[in-house]
Amino acid sequence: MRVKRCLLKGLHRLQKGPGYTYRELLVWYCNNTNTHGPKRIICEGPKKKAVWFLLTLLFAALVCWQWGVFIRTYLSWEVSVSLSIGFKTMDFPAVTICNASPFQYSKVKHLLKDLDELMEVVLERILAPEPGPANATSSLNLTIWNHTPLVLIDERDPHHPVVLDLFGNNSNDSESDSPAPGRTCNAQECKVAMRLCSLNGTVCSFRNFTSATQAVTEWYVLQATSIFSQVPRRELVAMGYPAERMILACLFGAEPCSHRNFTSIFHPYYGNCFIFNWGMTEKALPSANPGTEFGLKLVLDIGQEDYVPFLASTAGARLMLHEQRTYPFIREEGIYAMTGTETSIGVLVDKLQRMGEPYSPCTVNGSDVAVQNLYSTYNTTYSIQACLHSCFQDHMIHNCSCGHYLYPLPPGERYCNNQDFPDWAHCYLDLRMSVALRETCISMCKESCNDTQYKMTISMADWPSEASEDWILHVLSQERDQSPTITVNRNGIVKLNIYFQEFNYRTIEESAANNIVWLLSNLGGQFGFWMGGSVLCLIEFGEIIIDFVWITIIKLVAFFRGLRQRRAQAPYDSPPPTVAELVEAHANFGFQPEAATGTEDHPHEQTPPIPGTPPPNYDSLRLQPLDTVESDSEGDAV
């Protein structure tokens, strides 16, 4: 009933307005619309009608094209960047300092004894490649060497390079190792390479280096990583440099500080690191004013004399400025401070504010990133470096069955080492050099929507000077070791000054380049310019679309109704009955007409009803009592 009521209303509306046909509807729209072009199509003569029809069609196409351009531009979610400068008292950044050497050599020497002995022999062979006595390597532990050996590649014949083992064996590019009596080459003729094998040595590849220094350093770090990954973390912390030995003096503004004001963490690459003003347990410290007098001043002793000789080839302090409650990725984002100098670092602050989806692929807290944050155990905020490292470790575990020593481990996993995972070095270097892996991790990780960057201006000067070196070293030795003699030296001390250059900070903020107001104004401007229309014209066009739908529905209903009536008026097989048969059937209810011939052949087929009108039933032909007739007449008179 509701559908029928709606159809009747639509029919009445069409009857009063546009009409019942598509032509009437089109004429009615052109006569009543506020758009200029359609009116001229109806009012002008035949020639002008054609001209106005083409112009209207052309400009309508231009409007649709411009609308498509503007809508596509809006849906591209472009952003504009605005730069604003503010001035206020700011929180001092968190400062992380580490030593370039992760461990004290005097405490890890027993772990690296076999590796160091093997390294010395390797250097002797590289520097003097003449074959030595057979018993020269008998005292060495070659188990480490057999996993990932260093080789010399003789490329004097580019078409047939020869691989020379540093311990006396050689092979060409197609044969297995075999003795090479007397075959040697110098550093200019051969290149040092690392042989990486997997699947029990059946699949091998070579990683070439341009310098033997790079080759032996990379090889030593791989072997040391395998050794340290099997040592408990508590013992590794005890082997590193303690805060009380490294931090000699501390001053923040006018307030003295000490190593107790630093939070200690263990970094696998730099050992013990110390963070000032991290903000984990206490509120972040503000800086009262810009300038060196209101910043952080530190004097450090890196203890260069106790460096691991083959593991730390750089001497100095590694430092990084970062936000509170963020993990310091000091290897990727830190800088070095040189020993024997005073390094002044002026800081400027940039605050980045991104809009987020769909304008910028950023995240607020990392909850919408499809990578498990392995650094969440430190209770730090999300950063893209944490995501990238976690992604690499996840692929490392999936492809190599173990995790790398430099990154945190998920629960239930183990670090790689040569004993339990002999193919890990080959797998790790393949992943590290994989461009596809880097692109995958970059596509999965997102930048933080709100970020703070510290721009540093660095200057250095010699410290202490020659005139003051003696008394400064004496005082520092007395304060730390209570010794009347000098226990620190110029090659081990570093002075740092970290301060705000000014309290002006820059805010780099994203905003939508094309908002909904921009879109509507451009759509309306194009429609008004090309068609002389407005929003009301669009409503009129929507109205004619609705009328078109109503006319179509009414025509369909009429079509199906006529089709049903035509099916109901099907022809009959037998001729119609006579008048006598109809009268007999009406008077005698037991009368049955004669069956047609076709029904005998098909006895089970039902005969359709006989059309016709029965004769009237006259009550006057029947005899009734007189009083009954009179009573009826009286009732009628009343």
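A salt bridge here is a side-chain nitrogen of Lys or Arg within 4 Å of a carboxyl oxygen of Asp or Glu. R490 and E469 form one, with their closest N and O atoms 3.6 Å apart. R490 sits in the loop between α15 (469-481) and β20, and E469 in helix α15, so this pair ties together parts 21 residues apart in sequence. Helices (H or I, at least four residues) and strands (E, at least two) are DSSP runs, numbered from the N terminus.

A word on the model. It is predicted: local features need pLDDT of at least 70, side-chain atom pairs count only at pLDDT 80 or more, and totals for chains, interfaces and linings use all residues. Residues are numbered from 1 along each chain as its sequence is written, and side-chain values use heavy atoms, with hydrogens and water left out.

Back to the pair. R490 is partly exposed at 23% relative accessibility, and E469 is partly exposed at 22% relative accessible area. On this scale, buried means under 20% relative accessible area, exposed over 50%, and partly exposed in between (1.4 Å probe, protein chains only).

Which residue forms a salt bridge with D350? That is R506, at 2.7 Å between the closest N and O atoms. D350 belongs to strand β16 (residues 341-353) and R506 to strand β20 (residues 493-512), 156 residues apart. D350 is buried, at 4%, while R506 is partly exposed, at 36%.

Next, K446 and E357 meet in a salt bridge of 3.8 Å, N to O. K446 is buried, at 18%.

Finally, R245, D301, R480 and D481 are linked in a salt-bridge network. Over the whole structure, the search finds 12 salt bridges.
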